[in-house]
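Please examine the protein shown below.

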Amino acid sequence: IKTDPLVKDTKVVATSFGKENAQAANTMTVRERVPSGIPTDVKQEKHEKDGDKTNAIVTAVPGTISGDKVPAGTTYELVKNDGSGNFVPVDADNPLMGTVGEDGKIKFVIPEGTLPHDTELKVRQTSPNQRPSDSKESIKLDLQAPKIEAGDINGYVGVEVKDYKVTTDEPARLTTISEEKLPAGLSATPGTNDSKYQLPKEWTLTGAAQEEADKTITIQAEDAFGNIATKDVKVTIKPRIIKNPKGEKEEGYARVTFAADPMKARLEGTTVYDVYIDNENPVQIRHLEKPSLILNDESKYNFNPTR
């Protein structure tokens with residue numbers, strides 16, 4: 001049955017037929033059916049500082065009604081999963097409400113300490129004369145700092161570092177925040193950026209130290225939301241080295257000289273070094289200020305100076 005569109009608040013009578021053609025009439029009032037405004041694009045943004053507090057930030061886009069309109073008096077509330085799949089106020093006595101900024105987005109400021117990490121959240125929109133509508137999408141609040149994996153840095157002056165990486169369990173920005181920095185010649189090269197946050201999870205140490213070092217640096221990893229972790233890293237860069245000691249000797253220092261032609265087995269040079277014999281690592285060598293003639297037992301230690 002086709003009829004003209006019914007106008008809001010029109011009174012209509014519906015008649016139903018039962019057994020033996022018994023009739024029952026009900027009077028109804030037509031109400032305007034307006035679709036609920038459902039918030040979209042719910043996101044966690046970077047934390048904001050408020051004095052000595054760090055507040056979490058959540059944004060969303062208001063749901064429109066009747067085209068592209070949002071009724072005056074519409075309110076927005078952040079609601080949390082109560083653990084049973086029901087979304088309830090963050091605080092029943094003090095609901096966490098949002099405001100719409102000049103950019104047209106709803107903004108919620110979550111004071112530090114209000115919610116724990118990984119709380120599931122939705123945005124609830126309520127317009128006059130409408131039932132509240134929750135966003136279809138939810139987010140889990142990220143308040144956890146990245147985990148940094150980084151060992152001590154050990155190397156030798158003028159020798160390229162190998163196989164040293166810093167990693168985090170989530171995309172992050174890596175910086176050195178201590179007064180002590182990496183020795184000149186070394187740098188951390190970031191890996192490929194994550195597609196979502198455009199931040200890496202891995203950094204490779206490259207280059208060769210140009211100076212000796214025995215210090216500790218502090219590195220910081222900051223994720224996309226401003227959660228921060230730090231880690232102290234010991235940096236030890238020993239003096240230049242000589243490769244391939246021949247024979248065996250207990251670890252310790254020994255003074256030797258090297259011929260101008262390192263292949264010769266006789267003492268011909270006058271340069272004197274302080275050499276550290278280490279059976280598992282390259283031999284450490286330090287140039288002495290006052291040269292003297294000290295026999296090198298070439299038959300036992302056939303040292304080849306690094307150029």
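In the hairpin of β18 and β19, 5 residues lie between the strands, and Gly226 takes a positive phi near 95 degrees. Strands (E, at least two residues) and helices (H or I, at least four) are DSSP runs, numbered from the N terminus. This is a predicted model, in which local features need pLDDT of at least 70 and side-chain atom pairs count only at pLDDT 80 or more, while totals for chains, interfaces and linings use all residues. Residues are numbered from 1 along each chain as its sequence is written, and side-chain values use heavy atoms, with hydrogens and water left out.

**Strand β18 and its partners**
- Two strands pair if DSSP finds at least two bridges between them.
- Strands β18 and β19 (residues 228-238) run antiparallel and are joined by 10 bridges.
- Thr216 stands opposite Lys234 in β19.
- Strand β15 (residues 173-176) is antiparallel to β18, with 4 bridges between them; Leu174 has Ala221 of β18 as its bridge partner.
- Because 8 of the 10 residues of β18 (residues 213-222) are buried, this strand is largely enclosed by the rest of the structure.
- Buried means under 20% relative accessible area, exposed over 50%, and partly exposed in between (1.4 Å probe, protein chains only).

**An open sheet**
- An open, antiparallel sheet is formed by 4 strands in the order β12-β14-β17-β16.
- β12 (148-149) and β16 (186-190) are at the edges with a single partner strand each, so one side of each has no neighbour in the sheet.
- Strands β14 (residues 165-168) and β17 (residues 202-207) share 3 bridges, and Val166 has Trp203 as its bridge partner in β17.

**The whole protein**
- The protein has 24 strands and 0 helices.
- Of its 307 residues, 35% count as buried.
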